[in-house]
Amino acid sequence: MRLTRQTSYAVRTLMYCAINAPDLSRVADIAKAYGISELFLFKLIKPLVENDILETVRGRHGGVRLARPAAEITLLDVISLTEENFALAECFEGGETSCPLVGGCELNVALHEALEAFFAVLRSYTIADLTDKRRAMRSRLGIEMLGLELN
């Protein structure tokens, strides 16, 4: 299983906003930090805003910020919004399959169990967990310290 580029950058965008909190984060700054286009970033921000994970502030000094505390946003929250499908095998998709074992296959049982374990781990990590070393991460992302005392 491999997560999409959209998922990867959605998580990174939330991390950027958490690291930069309480300040607003400009889309141009996030895009520059990760070397991606602003258009791509706007597309991945849209579902995050629609699902109350990010919020936008319009205007000259606008930007984006987390819509709720980083400790309340799990990786599963983000990944379930940005990934289209978690089918590990053809038989997960529920449509037609050429496998004669569908419905009684232990491989299917094992893969479902593995997927549930994967979801449990994603559910156990929050954006706050990923950003606990804020000072080092701010430097790597090019976010100025402005004399603030951070973790």
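Predicted model: local features only at pLDDT ≥ 70, side-chain atom pairs only at ≥ 80, totals over all residues.
**Close-up 1. The largest pocket and what surrounds it.** Start with the space itself: the largest pocket comes in at about 240 Å³. Its lining is made up of 13 residues, and if you want to find the middle, look for Val27, Phe42, Val57, Gly63 and Val64, which lie nearest the centre. Sorted by class, the lining splits into 6 nonpolar, 4 polar and 3 charged residues.

**Close-up 2. The second largest pocket.** Here the volume is about 210 Å³. The lining takes in 14 residues, with Asn20, Asp23, Leu24, Asp29 and Ile143 closest to the centre of this pocket.

**Close-up 3. Helix α1 against helix α3.** Now for a helix pair: α1 (residues 5-20) packs on α3 at about 75 degrees, and their axes sit 10 Å apart. Because angles of 65 to 115 degrees count as roughly perpendicular, that is how α1 lies relative to α3. On the α1 side, the contact uses Arg5, Gln6, Tyr9, Ala10, Thr13 and Leu14. Facing them from α3 are Phe40, Leu41, Leu44, Ile45, Pro47 and Leu48. Taken together, the residues in this contact come to 9 nonpolar, 2 polar and 1 charged.

Conventions. Residues numbered from 1 in each chain as written. Heavy atoms only, no water. 1 Å grid on protein atoms, 1.4 Å probe; cavity = no way out; pocket = protein on both sides within 12 Å on 5 of 7 lines; lining within 4 Å. Points joined across faces, edges and corners; volume = space filled by probe spheres on them. Nonpolar A, V, L, I, M, F, W, Y, C, P; charged D, E, K, R; others polar. Axes fitted to C-alpha atoms, helices over the stretch in contact; angles between N-to-C directions. Helix = DSSP H or I, 4+ residues; strand = E, 2+ residues; numbered from the N terminus. Parallel < 35°, antiparallel > 145°, perpendicular 65-115°, else oblique. Contact = heavy atoms within 4.5 Å.
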